[in-house]
Amino acid sequence: MLGFALFGCGRIGKMHGDNIARHPKARLVVAYDVQNEAADAVADRHGCKVARSVEDALATAGVDAVLIASSTDTHVQLITEAAKAGKAVLCEKPIDLDIAKVDQCAREIAASDVPIMVGFNRRFDPSFAAVKAACARGEIGDVRQVIITSRDPEVPPVAYMQVAGGLLRDMTIHDFDLARFLLPEEPVEVAAMASALIDPAVRELNDHDTAAIILRTAGGRQAVITNYRKATYGYDQRIEVVGELGMLQAHNRRATTVERWTAKSTAAKDPLLHFFIERYREAYVRELDAFIDSLEKGTPCAPGFEDGKKALLLANAAYESIATGKLVRLAQD
């Protein structure tokens, strides 16, 4: 049984705590949150210990790994301390909003050589993963274009947007990673446009709620990403991959597959699942499966630290494109 310390016991942290507690190969050993009552609630729910400091959590007997689900501005510190303590790390995205801090973190933990996975959970969605597997088998031949639609059901609260780092580092960063996952080669160029069309509060924060981004690889392959913050019909998550021999699609998820045919409507379906925890519930479980499997087998975690860095670099390039109105070429190692 792999013993976990959970850092962050808010909405997504509670879900991760539930997944750890239910996993046949994992055990939730200790929970920590700066809000004591949040950690206490997780501990009461699962019978684990409570830590009142990061140091206490990492020193708790039986902790082999940490799952970081706290606010973004704590990720680098927690990754660094956990790695130096010899604990494997599964950290929610992004590593940080500042690429300099990400690079500094990489230098700090280089000698630790502990497994690190970044929580780009959409790679583990069963349908998205099946599309990737079909591409790898050559079902549609050479992949030419990837189209990613990602639309939230509502604009986030102002307090959230003030610290989230902007649409492209908060929301689109998942799509940057998914594009890299589906494309057969790395993007090298980015063109982006974004607007604030939905809520004046977004504009006042100098943020965006509507965006379109095109990524292009060295071989000319493309990924097209569209984002929107207020899809009134629900959480809209779809992908399409076009290749020389055909096309693969993965559609939205609904509570059931029931269709209703009546005099008033034809093929009326259940609404889309409301938001990311409901839509990607299976993906989060499969992400944890993959992390534990990597630790058991001693294989590299994927997506890893470098994947987190590359997604942030794409977000930064997209912001540069928005600011300059130009195509931006990424620096090559």
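Predicted model: local features only at pLDDT ≥ 70, side-chain atom pairs only at ≥ 80, totals over all residues.
A crossing of two helices is left-handed if the near helix is turned anticlockwise from the far one by less than a right angle, and right-handed if clockwise. Keep that in mind.

Let's begin with helix 5 and helix 13. Helix 5 covers residues 99–109, and helix 13 covers residues 305–324. Two packed helices are described by the angle between their axes and the distance between the axes. Here the angle is about 165°, and the axes are 10 Å apart. Angles over 145 degrees count as roughly antiparallel. So helix 5 is roughly antiparallel to helix 13. Now the handedness. This crossing is left-handed.

Who touches whom? Helix 5 brings Ile 99, Val 102, Asp 103, Cys 105, Ala 106 and Ile 109. Helix 13 answers with Phe 305, Lys 309, Leu 312, Leu 313 and Asn 316. Sort the residues of that contact by class and you get eight nonpolar, one polar and two charged.

Next pair: helix 1 and helix 2. Helix 1 runs over residues 11–22, and helix 2 over residues 36–46. Their angle is about 25°, with the axes 11 Å apart. Angles under 35 degrees count as roughly parallel. Helix 1 is therefore roughly parallel to helix 2. And the crossing? It is right-handed. From helix 1, the residues in contact are Lys 14, Gly 17, Asp 18 and Ala 21. They meet Val 42, Arg 45 and His 46 of helix 2. By class, this contact has two nonpolar, two polar and three charged residues.

On to the pockets. What is the volume of the largest pocket? About 1,200 Å³. Its lining has 46 residues. Look for Ile 12, Ser 70, Ser 71, Thr 72 and Tyr 160, which lie nearest the centre. Helix 1 is back again here. It gives two or more residues to this lining, and so do helix 4 (75–84), helix 7 (158–164) and helix 8 (167–170). The lining divides into 22 nonpolar, eleven polar and 13 charged residues.

The second largest pocket has a volume of about 340 Å³. It is lined by 17 residues. Nearest its centre are Lys 310, Leu 313, Leu 330, Ala 331 and Gln 332. Which helix supplies the largest share of this lining? Helix 13, with eight residues. Strand 15 (328–329) supplies at least two. By class, the lining has seven nonpolar, two polar and eight charged residues. Notice Leu 313.

Go to Lys 93 and Pro 94. A cis peptide bond joins them, with omega about -15°. Pro 94 sits in the loop between strand 5 (88–92) and helix 5.

Now Ala 302 and Pro 303. The peptide bond between them is cis too, with omega near 0°. Pro 303 is in the loop between helix 12 (281–297) and helix 13.

Finally, Asp 113. Its phi is near 55°, a positive value in a residue other than glycine. Where is Asp 113 found? In the loop between helix 5 and strand 6 (116–119).

Terms used:
Residues numbered from 1 in each chain as written. Heavy atoms only, no water. 1 Å grid on protein atoms, 1.4 Å probe; cavity = no way out; pocket = protein on both sides within 12 Å on 5 of 7 lines; lining within 4 Å. Points joined across faces, edges and corners; volume = space filled by probe spheres on them. Helix = DSSP H or I, 4+ residues; strand = E, 2+ residues; numbered from the N terminus. Nonpolar A, V, L, I, M, F, W, Y, C, P; charged D, E, K, R; others polar. Axes fitted to C-alpha atoms, helices over the stretch in contact; angles between N-to-C directions. Parallel < 35°, antiparallel > 145°, perpendicular 65-115°, else oblique. Contact = heavy atoms within 4.5 Å.
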